[in-house]
Amino acid sequence: MACMKLGSKTDAFQRQGQAWFCTTGLPSDIVVEVGEMSFHLHKFPLLSRSGVMERLIAESSEEEEEGCVIKLPGIPGGSRTFELVAKFCYGVKLELTSSNVVYLRCAAEHLEMTENYGEGNLISQSEIFLNQVVLRNWKDSIKALQTCDDILPQAEQLNITNRCIESLAVKANTDPNLFGWPIMERSGPMQSPGGSLLWNGISMGARARNSSSDWWYDDVSSLSLPLYKRLIAAMELRGVRQEILSGSIMYYSKKFLPGLNRRQGTSESSSRLAPAPPSEEDQKLLLEEIDRLLPMQKGLVSTKFLFGLLRTAMILRASTSCMSNLERRIGMQLDQATLEDLLMPNFSYSMETLYNVDCVQRILEHFLALDQLTGGASPCSIDDGRLIGSPSLTPITMVAKLIDGYLAEVAPDVNLKLPKFQLLAAAVPDYARPLDDGLYRAIDIYLKSHPWLADSDREQLCRLIDCQKLSLEACTHAAQNERLPLRIIVQVLFFEQLQLRTSIAGCFLVSDNLDGSRQLRSGLVGSTEGGGGGGGWATAVRENQVLKVGMDSMRMRVSELEKECSNMRQEIEKLGKGKVGSGSGSRSSSGAWEGVSKKLGFKIRSQMCSAQEGSVSNQINNGGGGGGKIEKGKEKLRKQKKI
């Protein structure tokens with residue numbers, strides 16, 4: 001720490017309880033009372049250096065003939081600072097440091113210790129030290145600014161606070177090796193590998209730290225919130241980048257808001273002696289100020305940190321505007337969030353649900369509103385598991401997947417009402433979900449956890465699922481899911497059949513291409529005999545065999561689906577006969593099936609769900625000539641069922 005010694009006499013002051021005595025051989029003729037401390041001094045050293053003391057001594061001498069008692073209640077820094085001032089008046093050696101220079105400068109101004117009362121008086125000495133030593137050094141400027149808090153009105157009047165802030169703002173955007181003490185590492189023991197770092201010939205016992213943009217975060221976090229806000233504003237005017245300022249604000253928040261560190265475990269801050277946490281009211285005020293300091297710009301602050309602020313705001317009952325701003329900030333970058341971030345407990349007194357679903361709903365609305373303003377996205381499609389569409393689809397597709405995962409997590413909550421669950425599920429646009437597997441899983445969990453739902457509610461909820469966007473695995477599960485309404489199951493079976501037929505047609509097309517190229521390949525093999533051409537033909541044969549195995553399995557699946565449709569048709573016909581009665585016998589079973597088909601919302605030909613031999617096999621035989629294998633597969637399936 002920088003210091004400067006003033007005076008040449010030895011210390012002649014002694015303290016006895018709440019009193020200071022000057023042992024110069026002469027009895028004291030004046031008593032100066034500062035707070036609870038009394039100083040027994042002599043008039044001449046004081047009046048020769050201070051204009052205020054000169055007037056007060058003169059006034060006291062006229063009023064009292066015996067003893068001279070002077071009270072100084074408003075001196076900056078109190079009795080401790082006046083002790084240093086008194087020693088300076090007596091010519092005792094005085095060390096000016098960054099920790100006391102602000103007190104001494106303000107006290108000297110208060111006592112009018114100008115050059116009119118002696119050359120090299122305390123005002124000029126402290127001002128020189130402040131300008132030429134303290135303000136040129138980062139660490140000393142920080143310490144001086146910290147002391148301004150105690151005597152802020154006097155420091156503001158002398159412009160000391162602004163000078164310290166400006167000095168720090170300039171240095172924050174400068175290489176730390178160009179000024180002041182070397183910056184040390186905050187992490188790890190302060191050891192010097194291979195040799196100590198020297199500063200003015202003194203071994204520091206530490207290693208120099210590679211300068212980076214966050215080297216000053218820990219230092220400025222020791223400032224009070226009002227001074228810290230002014231420093232950040234000054235740095236912004238000086239051109240410090242927004243991402244660097246945001247990093248400092250995050251560091252400052254984590255230091256004074258304990259709730260932000262509860263999920264981080266042991267860190268470098270926890271290894272130190274952490275200061276006592278402020279009160280809840282102070283934390284609430286700090287959080288609201290942090291919200292005002294943070295720039296409203298995407299990507300400058302991590303989404304996890306914003307969620308931490310939002311949780312803390314809920315716990316501390318922060319203002320509505322503060323929580324609304326935090327939700328808006330999160331909504332701007334919701335695509336960067338994780339499922340763990342969204343699982344915010346419900347801190348309301350009602351405790352209606354376990355998780356705060358309403359908050360997630362508002363955050364999603366902010367994201368969708370911003371997505372619309374930025375142009376949104378057009379519908380997309382899936383090709384071999386890859387997303388086909390505009391690159392701008394990626395964020396909203398990630399959000400759709402995130403919301404589907406969140407719905408699956410909150411679905412088991414028995415207190416979660418259907419309208420709230422349905423509103424959140426429907427808020428995601430259709431084009432944002434390339435597949436509806438995640439939505440189907442969430443709805444299935446909700447139906448399982450809420451078995452008391454009416455059939456109409458179940459059907460209304462399941463309408464959110466687009467059966468055409470379910471994968472084959474999801475279709476297989478849904479076709480056997482007893483919790484789903486009958487209408488949805490039939491739709492799933494219908495679209496699964498279409499997918500399988502399309503897949504088989506594609507396989508036949510590939511097979512025909514392979515068969516057509518077989519002669520060409522064999523000709524090539526013959527022409528290149530002995531030249532290594534047989535390897536390509538062997539590979540083609542293996543690929544053809546793999547395709548045929550896949551086609552056989554899909555044919556078996558189509559056969560099973562046809563039988564399931566046939567059984568369902570028979571059940572529906574029985575229900576129709578039971579309701580119609582004997583008087584309506586003219587109505588045929590095919591008519592009943594067509595009526596049900598119309599109610600289900602799509603046209604299904606009786607041939608599609610027919611159990612007759614060859615309803616699908618004939619088409620397969622016409623396309624690929626594999627009827628014999630299909631018949632063998634059906635025969636095996638019948639034997640297995642009989643067993």
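Begin by selecting helix H6, residues 138–148, in this predicted model: eight of its 11 residues are buried, so the helix is largely enclosed by the rest of the structure. Show the side chains of Trp138, Asp140, Ser141, Ile142, Ala144, Leu145, Thr147 and Cys148, which are the buried residues in question. If you then display what surrounds them, you will find that these buried residues pack against helix H4 (101–110), helix H7 (152–157), helix H8 (160–172), helix H9 (217–220) and helix H10 (225–237).

From the neighbours of H6, turn next to H4 and select it together with helix H5, residues 122–132. Their axes come within 9 Å and cross at roughly 150°, an angle over 145 degrees, and the two helices are therefore roughly antiparallel to each other. The crossing of H4 past H5 is left-handed. On the H4 side, select Val101, Leu104, Arg105, Ala108 and Glu109, which meet Leu122, Ile123, Ser126, Glu127, Phe129 and Leu130 of H5. Coloured by class, this contact comprises seven nonpolar, one polar and three charged residues.

Finally, select H10, another neighbour of H6, along with helix H11, residues 242–256, where the axes lie 10 Å apart and the packing angle is about 170°. That angle makes H10 roughly antiparallel to H11. Here Leu225, Tyr228, Ile232, Met235 and Glu236 of H10 meet Gln242, Leu245, Ser248, Ile249 and Tyr252 of H11, a contact made up of seven nonpolar, two polar and one charged residues.

Methods. Residues are numbered from 1 along each chain as its sequence is written. This is a predicted model: local features need pLDDT of at least 70, side-chain atom pairs count only at pLDDT 80 or more; totals for chains, interfaces and linings use all residues. Side-chain values use heavy atoms; hydrogens and water are left out. Buried means under 20% relative accessible area, exposed over 50%, partly exposed in between (1.4 Å probe, protein chains only). Helices (H or I, at least four residues) and strands (E, at least two) are DSSP runs, numbered from the N terminus. Contact means heavy atoms within 4.5 Å. Axes are lines fitted to C-alpha atoms, for helices over the stretch in contact, and angles run from 0 to 180 degrees between N-to-C directions. Angles under 35 degrees count as roughly parallel, over 145 as roughly antiparallel, 65 to 115 as roughly perpendicular and the rest as oblique. Ala, Val, Leu, Ile, Met, Phe, Trp, Tyr, Cys and Pro count as nonpolar, Asp, Glu, Lys and Arg as charged, and the others, Gly among them, as polar. A crossing is left-handed if the near helix is turned anticlockwise from the far one by less than a right angle, and right-handed if clockwise.
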